[in-house]
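Reader: Please show me the model. Then let us go through it briskly.

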Amino acid sequence: MKRFIFIVILSLFTVQLIPDTRVISTDHLKPFRIRVDKERIVISEGPQISVYSKEPFKLLSRFGKAGEGPGEFKLLPEFAPEIDLSSGDILATSLGKITLINYSGKFLWEKNVSHLRRVELFRTLGDKYIGNIFEVKDKKIWNVINIYDKDLKSPTTVHRIPFHIQRGEKFNPITRGLYLPNFYVSGETVWVGGALYRDNILAYDSTGKLIRKIAPAMEKVRFTDRDRQG
């Protein structure tokens with residue numbers, strides 16, 4: 001009996017320590033990207049972008065459709081626009097262009113980036129842009145992070161790394177994931193990291209100069225033949 005009372009008291013005490021959590025039902029089935037700022041939640045799914053208020057959670061606007069015209073998005077199957085909110089509006093990256101739209105869905109401008117080959121993501125960096133692209137050089141596929149001026153010219157390479165899946169290689173989605181370098185912008189600093197960098201985090205200034213490297217605080221473990229067989 002004493003044990004039962006102790007468990008009940010411990011359970012009540014634990015509940016008090018758990019922060020308030022809400023589960024909100026939406027009509028989204030396969031959201032591709034979710035970005036959040038101080039007031040809003042922005043979700044891309046298929047060719048559409050949805051904007052919600054945080055408090056109360058409410059749909060404010062929904063816009064976008066498949067196509068190649070102004071405010072339309074050309075996408076690969078199962079993909080949606082990459083979205084960035086750091087400019088104060090929504091910067092959406094799709095195949096061949098970047099599009100700026102305000103939170104109400106008003107089309108502001110588009111810039112053609114098809115000359116940059118395959119573009120994965122663009123973010124603003126002050127009055128510049130930073131983009132993650134693919135290029136083929138020396139018979140290899142490279143993933144490159146570049147800083148561009150406001151006209152998307154004069155690229156400065158921040159980082160360049162061989163893509164982990166090359167032409168002619170067999171890709172098994174069960175045993176091998178699809179990794180892209182992650183990069184984020186905070187003020188005038190660009191933070192780069194991810195599985196391709198063995199979980200190191202690299203910090204660059206707005207000119208592309210490396211200013212800091214953070215290595216993972218973990219002990220390296222030898223990968224044995226037994227591990228490989230497993």
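Author: The protein has two helices and 18 strands. Helices (H or I, at least four residues) and strands (E, at least two) are DSSP runs, numbered from the N terminus. This is a predicted model, where local features need pLDDT of at least 70, side-chain atom pairs count only at pLDDT 80 or more, and totals for chains, interfaces and linings use all residues. Residues are numbered from 1 along each chain as its sequence is written, and side-chain values use heavy atoms, leaving out hydrogens and water.

Reader: In which element is confidence lowest, and in which is it highest?

Author: pLDDT is the predictor's confidence in each residue, from 0 to 100. The protein averages 83, and 83% of the residues score at least 70. Where pLDDT is low, the predicted coordinates should not be read in detail. The lowest mean, 54, belongs to helix α1 (residues 2-17), and the highest, 96, to strand β3 (residues 48-53).

Reader: What share of the residues in the protein is buried?

Author: Buried means under 20% relative accessible area, exposed over 50%, partly exposed in between (1.4 Å probe, protein chains only). The protein has 230 residues, and the buried share is 35%.

Reader: Which side chain makes a polar contact with the side chain of S50?

Author: S50 sits in strand β3. S50 is buried, because its relative accessibility is 2%. A polar contact is a pair of N or O atoms within 3.5 Å; within protein, one must be able to donate a hydrogen and the other to accept it, and residues adjacent in sequence count only if both atoms are side-chain atoms. At 2.7 Å, the partner of S50 is R62.

Reader: Which residues does S50 touch, not counting residues up to four places away in sequence?

Author: Contact means heavy atoms within 4.5 Å. With residues up to four places away in sequence set aside, S50 touches H28, I41, V42, I43, L59, S61 and R62.

Reader: How many bridges join β3 to strand β4?

Author: Two strands pair if DSSP finds at least two bridges between them. β3 and β4 form a hairpin, with four residues between them. Y52 stands opposite L59 in β4. β3 and β4 (residues 58-63) run antiparallel, and the bridges joining them number five.

Reader: Which are the edge strands of the open sheet of four strands?

Author: Strands of a sheet pair through backbone hydrogen bonds, either parallel or antiparallel. Here the order is β7-β8-β9-β10, with antiparallel pairing. An edge strand pairs on one side only, and the two here are β7 (82-84) and β10 (107-112).

Reader: What is the bridge partner of K97 in β10?

Author: Strand β9 (residues 97-101) pairs with β10 in the antiparallel sense, over five bridges. The partner of K97 in β10 is N112.

Reader: How far is W142 from R160 in space, C-alpha to C-alpha?

Author: W142 is in strand β13. W142 counts as buried, because its relative accessible area is 13%. Beyond its neighbours within four places in sequence, W142 is in contact with several residues, including R160, I161, P162 and F163. W142 and R160 are 18 residues apart in sequence, and their C-alpha to C-alpha distance is 6.7 Å.

Reader: Which residue takes a positive phi in the hairpin of β17 and β18?

Author: β17 and strand β18 (residues 210-214) pair in the antiparallel sense over four bridges. A203 stands opposite R212 in β18. The hairpin has five residues between the strands, and the one with a positive phi, near 95°, is G208.
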